[in-house]
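Subject: Structure for you to look at

Hello,

Here is the structure I said I would pass on. Please open it first; my notes on what was found follow below.

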Amino acid sequence: MKRPVDYAREHAQTLAPAKLETSSQSSAGPVRKVRVRVYADADYREQVIRWRSSIVSQLQRASAVVRGPLGVVFELESTREWAHRGVEGELEGSLAALELADPGEDVDLVVGFVSSLKFFSSAQHELGMARMFGRHCVLREMGNPEEVRAMMEALIHLPADEQQTLYQQRKAHKETSVFLHEWAHTLGAFHVRSSHWMMFPSYAPNQAAFASQTLALLATSLRHASAGRRDDEAARAWATELGGQLASTTSPDWEGPEKQAVVDWLAKVREGKAPLVQHEPKTTLSPDDRRRLNEILALEKEGRVEVAAQQMEPLARRYPEDAHLQGLACYLDTRVAPKLPATREKCESAAEKFPDQAAALLQLAVLELHQERHLEAQGHLVRARQRMEANPGTPPEAWGDLAALFKQSSALTWAEQATQKMGNGARTEPLRTWALQARRWMALPVDASVSGVAVEREGELIRAVKDVEVYLDKGPATKAQARLAWLKREFPRAAVQHVLDCEVHMRAGRSGPARAACRRAVAAHEEAVQAHFILGWLASTSGPREEARTHLERVVTLEPQHMEAWRLLADQYRAVGMTEALKSLQGRYRERFSQELR
């Protein structure tokens, strides 16, 4: 008979990280030394007792992974104490501070170690951050208390020494994988789609190597990086070879907007239209003002936004040429006083003064949305997107902010496109779900040539549909009719007009015309979920039961949250004695809603 400790050991095997690949086969040529200078900030030094030896071990583990396939070892130039304290959840400021503290022109890589997160996260951009084609990265201490507690609770029956061994294995794997992920960004590597590889946007313990395509990219960049970061002509040579390599290499794991952003950026470098490294504007804050800024950011994180905005005012006045501070001042004022003309003036000034920065444009869009000026907001967002696309180092959270604002303006396709660049953080799945549901409720296919709705006019269509539905619910009917007439005139091929006609007829008790209109909607766009529901509801009351089941089954597939469709479908199964189908439906309902389907 198995004891609890035996079950715990079996479970521990599932939690053990993958063995990092350390092939003994070395690439042609001598070993290439990547000289690394390390800074440890005050928080990191407090959290890691023997921090110097920990960093040495980390570089040795990373060297073991890349020495075989790339002929690379990491050589520690020095470790230095760093008079810096980060802000919880924020790495961009730490990266900019590190770049300012040490340009690193005499080494290949400058690494700053900062505090661990208080919450658990597997998102790579919250564990580390690097500038694409740069020579700097910041990494967190990986001993996250929440993660440790969860693992220890799962292995409560395991002896303490075995628990500690597994924890150390997982921590070492995470340290090594995240370090290599960020180092690869400095050589131009972008995220891949398969979670098996180290360049996936989220960390996972099963990641043990780079994909072969990424290794080829890194090998090319390693040949050029030393000269390419110092000389414009060498940078163009780097961009030329790497751009050609990316253009000629295809892989399902590789294709997507992140690769395209790098390809586009390399083309600009090749043509002399952009530098290889897209730096954030360097801050010139004094140490005291850097401390004040960190305090302001902490206040904002705590929800004390008004206090943060007040304290930001004198700081922003002292540094009118600092894009980051001016963008932050605009953001805080937008949170505190969105209706004040001074807020708009501040954001407009920042947007105009720093033409490569998107932050102020996002806040101008927020101000327009407050006043329901959706087209104006959309204009700001399109300009912000252009600026973000021009910067391959735009972090995933910035794309998340853009996607959320495109959602508020009902710009469906543009929201979907921004979501694709977010990675797989906590915000991504809700936005994907919203976009999918919106397309089905609005009967709006992805292909604009099919729908007849131009991408830039999707928001107008969606807002018009919502207006019609509100007027149908609250009246007067004349307003609903007028808005529907406008919609038909402006979007004559949109399938949603048939859905609305169907709803108008159904509310008036005209079941025949309602069926005809809903069938036209389904014929135009098969995923028109509301048309399916109305057809199912009409058939369940006065039509063939098979037709009712067909449409209602389609509704619960397309829109699983439509609880009324589940109920009506269960009634149809009961009416014809479909016992097994009913049991299956009830099981699916129970799994989804944690309650019984009556």
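**Notes on the model**

The side chains of Thr79 and Arg52 are joined by a polar contact of 3.1 Å. Please keep in mind throughout that this is a predicted model. Thr79 belongs to strand 2. If its neighbours within four places in sequence are set aside, Thr79 is in contact with Val38, Trp51 and Arg52.

**The chain as a whole**

The protein chain has 598 residues, and 53% of them are buried. It contains 28 helices and five strands. Its accessible surface is about 27,500 Å², and carbon and sulfur atoms account for 51% of that. Taking the contacts between residues at least 6 apart in sequence, 66% join residues that are at least 24 apart.

**Aromatic pairs**

How many aromatic pairs does a search of the whole structure find? The search gives 10. One of them is formed by Phe74 and Trp183, an edge-to-face pair with 5.1 Å from centre to centre and 85° between the planes. This pair links distant parts of the chain, with Phe74 in strand 2 (residues 72–82) and Trp183 in helix 7 (residues 160–186), 109 residues apart. Strand 2 is also where Thr79 is found. Phe74 and Trp183 are both buried.

Why is the pair of Trp566 and Phe593 edge-to-face? Planes over 60 degrees apart count as edge-to-face. The planes of Trp566 and Phe593 are at 85°, with the ring centres 6.0 Å apart, so this pair is edge-to-face. Trp566 lies in helix 27 (residues 563–575) and Phe593 in helix 28 (residues 579–593); the two are 27 residues apart, and the pair links distant parts of the chain. Both Trp566 and Phe593 are buried.

When you go through the model, you could begin with Thr79 and its polar contact to Arg52, then go to the pair of Phe74 and Trp183, and then to the pair of Trp566 and Phe593.

Regards

Technical notes. Residues numbered from 1 in each chain as written. Predicted model: local features only at pLDDT ≥ 70, side-chain atom pairs only at ≥ 80, totals over all residues. Heavy atoms only, no water. Phe/Tyr/Trp six-rings, centres within 6.5 Å; stacked < 30°, edge-to-face > 60°. Helix = DSSP H or I, 4+ residues; strand = E, 2+ residues; numbered from the N terminus. Buried < 20%, exposed > 50% of the residue type's maximum accessible area, 1.4 Å probe, protein only. Polar contact = N/O pair within 3.5 Å; in protein donor to acceptor, adjacent residues only side chain to side chain. Contact = heavy atoms within 4.5 Å. Areas by Shrake-Rupley, 256 points an atom, 1.4 Å probe, with all protein chains shown as cover.
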